[in-house]
Amino acid sequence: MMDWLLEILACPRHRTALSASGDGGLTCSNGCHFPIVDEVPVMLLEEAQQTMDLAHVSMRKAKEATMDGRLYVESLGLSDAEKRGILDFASGQPQAIDPVVSFLVSATNGIAYKHQIGRLKDYPIPMLRIPRTVGKVFLDIGCNWGRWCVAAARNGYKVVGIDPSLGAIMAAKRVAKQLGIQAAFIVGDARFLPLRSSVVDYVFSYSVLQHLSRENVAVVVSEIARVLRVDGTCRVQMPTKFGVRCVYHQLRRRFRDG
Ligand SMILES: C[S@@+](CC[C@H](N)C(=O)[O-])C[C@H]1O[C@@H](n2cnc3c(N)ncnc32)[C@H](O)[C@@H]1O
Ligand SMILES: [Zn+2]
């Protein structure tokens, strides 16, 4: 694990410093233990009511994991057909695009990319308008396969991507490696950020908070305030209830739920 990451990591339960445990995981002074799977700390809290069922799958798979480069498709939140597609894709010829990203692309890039499922030629890395820097810490909450992490790392940031999906985080790690990007990834929950206080210069989150309850969003906001430096920046994107797109979808549903 990168040294700078260990310096800013904290127990998500007690917010205390962590050290390496004998079995290759991380431990806090109060006895909490977090496994590390293929260099990725898995820092979800078992006792928390998870925001997605696949967080449970991530924790279970992390305990079973061996370092065999598995795709963890069960923790991606995809349909059975999509999971089969990933596995078929992965077992075929070596591809330029990671098999998981090839199928996650519609979940992270919206319906505009639906026709691209299984057909991507390049990673769709978005333009991130942030000041160039050297070594400031950028936290991407709900990073999934890490498209914004890549964009931030290319602007000189030390990037930490966090998401409860083990499969998405492992895809992010593979993509970063393939693109020659330095970034750290953690399986974790926005409500219990596994970071010390006042260590992040830039908090970013795109299309995540609208999936959480109001109560959970309030917890996330207080966690963001805790980890952000006083002179730090926070940028959160989410649809607004009365934005053009939302009103369009509500009209289509004739203002019914679901
Ligand atoms: C629509 S995707 C957006 C992914 C990414 N931000 C992007 O723009 O490509 C929503 C993401 O939020 C993550 N998520 C759900 N609950 C979360 C939580 N409690 N903490 C952090 N991320 C969460 C999901 O796993 C998923 O990757
Ligand atoms: Zn602890």
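## The zinc site

Let's start with the metal: the zinc ion (ligand 2) is held by Cys11 (SG), His14 (ND1), Cys28 (SG) and Cys32 (SG) at 2.2 to 2.3 Å. Donors here are N, O and S atoms within 2.8 Å of the metal (3.2 Å for Na, K and Ca), and water is not among the atoms, so sites may look incomplete. The angles at the zinc ion (ligand 2) run from 94 to 122 degrees, which makes the arrangement of its four donor atoms tetrahedral (four donors, all angles between 85 and 135 degrees).

Along the sequence, the donor residues follow C-x2-H-x13-C-x3-C. Cys11 sits in the loop between helix 1 (3–8) and strand 1 (18–20), and Cys32 in the loop between strand 2 (26–28) and strand 3 (33–34), so the pair ties together parts 21 residues apart in sequence. Both Cys11 and Cys32 are buried (under 20% relative accessible area, 1.4 Å probe, protein chains only).

## About the model

This is a predicted model: local features need pLDDT of at least 70 and side-chain atom pairs pLDDT 80 or more, while totals for chains, interfaces and linings use all residues. Residues are numbered from 1 along each chain as its sequence is written, chains are lettered from A and ligands numbered from 1 in written order, and side-chain values use heavy atoms, leaving out hydrogens and water.

## The sheet

Five strands make an open, parallel sheet in the order 8-7-6-9-10. Strands are DSSP runs (E, at least two residues; helices are H or I, at least four), numbered from the N terminus, and two strands pair if DSSP finds at least two bridges between them. Strand 6 (residues 137–141) and strand 9 (residues 200–206) pair over three bridges, with Leu139 opposite Val203.

Note on methods: Tetrahedral: all angles 85-135°; square planar, octahedral: opposite > 155°, others 65-115°. Buried < 20%, exposed > 50% of the residue type's maximum accessible area, 1.4 Å probe, protein only.
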